[in-house]
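Thank you for asking me to look over this structure. My notes are meant for someone who is meeting it for the first time.

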Amino acid sequence: MIFANGTLLPDSERAAVIQGLAAGINAARMAPPLRVETVIAAVDALGKRLAAGEFDSLLTQFLPTGITLEELLPLLSRETLEAKLTAELGPDPFGARAFPKTTARLLPLGTLFHVAPGNMPGLPVYTVLEGLLTGNINLLKLPREDKGLSLAALNILVEQEPQLAPYLYAFDLPSSDQESMAALAALADGVVTWGGEEAIRAMRSMTPAGCKLIEWGHRLSFAYVAGFEEKAAELAALADHIVETGQRLCSSCQVVFLDTQDRQQAEAFCRDLLPYLERAAARRPGPGAGAQATLSGHTALLERIVEGRVQGEVLFRGRGCSVLLRPDQELELSPLEGNVLVKCLPRSKLLPTLRRQRGRLQTAGLLCAPRDREELTALLARAGVTRITRAGSLSAAFPGEGHDGEYPLRRYLRVVDVET
Amino acid sequence: MLSRQRLFWTAHPYDLLRSEEKFLQACRDNAAYHIKHCPGYAAVCAHFGFSPDQLRTPEDLARLPVLPTLFFKRKALFSMPQWRMAMKVTSSGTSGKYSRIGFDWGCILAEAPMVVALGFRHHLVSPKPAHCVILGYRPHRSNHTGVTRTMFGLTHFSPPLSRTYALELVDGAYVPDLDRIAAALQKLEASPFPTRIIGFPSYLWFGLGRMEELGLRVKLPRGSRIILAGGWKQHAAQEVDKATLYALAEKVLGIPEGNVNELFGAVEHPIFYNACERHHFHIPVYGRVIIRDPESLEPLPMGRVGLVNLISPLMTATPTLSVMTDDLGYLTPGEACGCGIQSPYLTILGRVGMADIQTCAAGAAELLGKGEAF
């Protein structure tokens, strides 16, 4: 299906819609600009209707498992949207700023082409919402896995506020349809790509030279342990985080780095951590989750055996989880599902090691004595980490935080200076 | 490898006790072969301290290193050069990545008597020609999935008069067309020859539902059969219980429950499991099943739910001697079934859910065998 200017159309119309798109976009840009208040009011009203149960039948059809309405609703409130605008763009974001000889204003980039990922349901709608808040026209390539959630959401958004119609287009097209992808990229002032390295490389090659490329790639996160404030509580919180996220998120802890060179100390740490992981794993519902952890850990072990990489490692196997002490220092993906890696990385080697993963670093959960916190925080930040949290909150959402080191809304805007 | 042929050329496909010694010998020989010809498998055996001479009793089969199907999705292991293989087959790769498994000629020679023996036993073989309606893919040289080959092979249990496919290749992609199938079935109603419907259970379920919706009912000729192969695939959430499916098949197609055959197998473990008349998958002599603790991988006693470990000395091109699917299941003693087959039967409860995993950690999608979704 295609969503264009407020109507749902069959895929057979794709070529015709893309052909008429330039004219539609130009007409929208010549009309009075979209006001941020219009967007906020529409989203807020929609949130209230959702809360009142008006769309319950749609929700049961489309709301992905694992996401509850209670988690979704706050994201759609006026307060959240306004707080996001203020945090990222400052107070009065779209007002004129006077300088000695000019005034400066933030204007939308123009047209954004969003290539949305399939790994997070709801994200296609979210990325378009960011585009709308900044007044942009949005062309959305739906992920293959999207079974109608995004189209339904855009449809009710336009029903709520018909003024948004000329700003919203969505296409259900395979990324192998290079011709349509290139045609959409050619219409855009900015291409917003989400996804893994392969997807991002593909979009880089498809984006015209003059077009801004905004990449939200996949990331890796870790914990750094240089001591404790309250050892038992911190290890429990870290273990809960590892098991609860299944280590599948950008912000999930893959490796626990220890500020030591001493193998025996490292082995002692692994033995300390394991029971906390087991306790967290025992709380998982059903035998399925434990089986995933076992399969994933066992498969990763077999792979290392076949590749000849088991020498020098020590595996601490628990029920539905494991801790693997590896002899190297690299930040890498763990076997997931509660199978965490532990490596020795004294603070003197931290920066050069992490620099090798630049562009992939995200969150560091820092466990240390209070007197060390300031120094280690600064060191981690200089190494390229963009979020530094306490033991259990690597994946927590904080109001006002950036996204992978940036404020997304800023990237969807441009500054226009006018001589006075 | 004669011990393998001795095991597979048997006249008693469900006599586990009688086959015990032959099975162990074939496993010893198979493990020794892979250790000699596949350095990766040899390294795995060395790591776990396994050597073929440890297989002395049936209980020792649990000592075989277990390779999850997930492993074959990430690593292609072969124990012979590709030119010596009869064919290379892939799993259907519902979620992006797939296993690559090689088949040797000896394996095909051993499979033939297995399929014939079980085909007769489960009333699949018939001399009367039949029209085949395949609720699956039309074979094409670009399609290497095991299930496509299996379904094509299944059309040969009786002389095939015609083949109609639900999934046709249109512009390089498979497109389902259940309405065309419904029309074909209406035509076959008047044929003097029986119809054989072969396919994915999910497609049968959708097809029957579609026919109900359109108010279509047919009474297919006597002797018509339904042969179900391949799992529920992406439609697992809509899985229905077998009784509902069979009742609908009788109502819409006029095929009685007794004429429904259900098959089970995996590319990594191509043993021809057939459901008995009471719809239970008894274990034939060509394979063994161990249920393992989902958290420790230790073997579990009969009746307990765990990960399903399938063992067969069938293949020498790829070390699939002992594999583990991502299904949970349990075993029940054969006598509890009452159909007369004495060997235990396997009940599959479903996937542990690896396919549904959503991730944004760098590289994790590839690791989970999902391929890049974009």
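The numbered points below go from the model as a whole to its chains, and then to single strands, helices and residues.

1. The first thing to keep in mind is that this is a predicted model. Its overall scores are an ipTM of 0.86 and a pTM of 0.85. For chain B the average pLDDT is 86, and 89% of the residues in that chain score at least 70.

2. Two stretches of chain B call for caution. Over residues 233-238 of chain B the pLDDT stays under 50, and the model shows seven contacts beyond four places in sequence for them. Residues 369-374 of chain B also have a pLDDT below 50, although this stretch has 29 contacts in the model beyond near neighbours in sequence. Where pLDDT is low, the predicted coordinates should not be read in detail.

3. Chain A is built with 15 helices and 17 strands, and its C-alpha trace spans about 70 × 55 × 45 Å along the principal axes. A compact globule of 420 residues would have a radius of gyration near 22 Å, and the 24 Å of chain A agrees with that expectation. Buried residues account for 40% of the 420 residues in this chain. If one takes the contacts in chain A between residues at least 6 apart in sequence, 73% of them join residues at least 24 apart.

4. Chain B has ten helices and 15 strands, and 48% of its 374 residues count as buried. Of the contacts in chain B between residues at least 6 apart in sequence, 70% join residues at least 24 apart. The domain assignment divides this chain into domain 1, given as 2-113 + 275-356, and domain 2, given as 123-264. The C-alpha centres of domain 1 of chain B and domain 2 of chain B lie 28 Å apart.

5. Strand β1 of chain A, residues 2-4, runs antiparallel to β7(A) and is joined to it by three bridges, with A:Ala4 standing opposite A:Tyr169. Strand β6 of chain A, residues 137-141, runs parallel to β7(A) and is joined to it by four bridges; here A:Leu140 stands opposite A:Ala170.

6. Strand β9 of chain B, residues 260-266, runs antiparallel to β10(B) and is joined to it by three bridges, and a hairpin leads from β9(B) to β10(B) through two residues. Within this pairing, B:Phe264 stands opposite B:Tyr273.

7. Helix α7 of chain B, residues 178-188, has B:Ile181, B:Leu185 and B:Leu188 as its buried residues. These residues cover an arc of only 60° around the axis, so they are on the same side of α7(B). An α-helix has 3.6 residues a turn, so residues three or four places apart point the same way. The elements that cover the buried residues of α7(B) include the strands β4 (130-137), β5 (160-170) and β7 (195-199) of chain B, as well as the helices α8 (201-213) and α9 (242-253) of chain B.

8. Two residues of chain A deserve a look at the backbone. Most residues other than glycine have a negative phi, and most peptide bonds are trans. A:Asp92, however, has a positive phi near 50°, and its place is in the loop between α5 (78-89) and β3 (97-98) of chain A. Phi is also positive at A:Glu337, where it is near 60°, and this residue lies in the loop between β13 (321-325) and β14 (339-344) of chain A.

9. Are these two residues, A:Asp92 and A:Glu337, buried or exposed? A:Asp92 counts as exposed because it has 10 C-beta neighbours inside 10 Å. A:Glu337, by contrast, is buried, with 30 other C-beta atoms within 10 Å.

How values were computed. Residues are numbered from 1 along each chain as its sequence is written. Chains are lettered from A and ligands numbered from 1 in the order in which they are written. This is a predicted model: local features need pLDDT of at least 70, side-chain atom pairs count only at pLDDT 80 or more; totals for chains, interfaces and linings use all residues. A residue is buried if 20 or more other C-beta atoms lie within 10 Å of its own, exposed if 12 or fewer, and partly exposed in between; C-beta atoms are placed from the backbone. Two strands pair if DSSP finds at least two bridges between them. pLDDT is the predictor's confidence in each residue, from 0 to 100. Domain bounds come from an automatic or database domain assignment. The radius of gyration is taken over C-alpha atoms; the globule rule is 2.2 Å times the number of residues to the power 0.38. The arc is that of the directions from the helix axis to the C-beta atoms.
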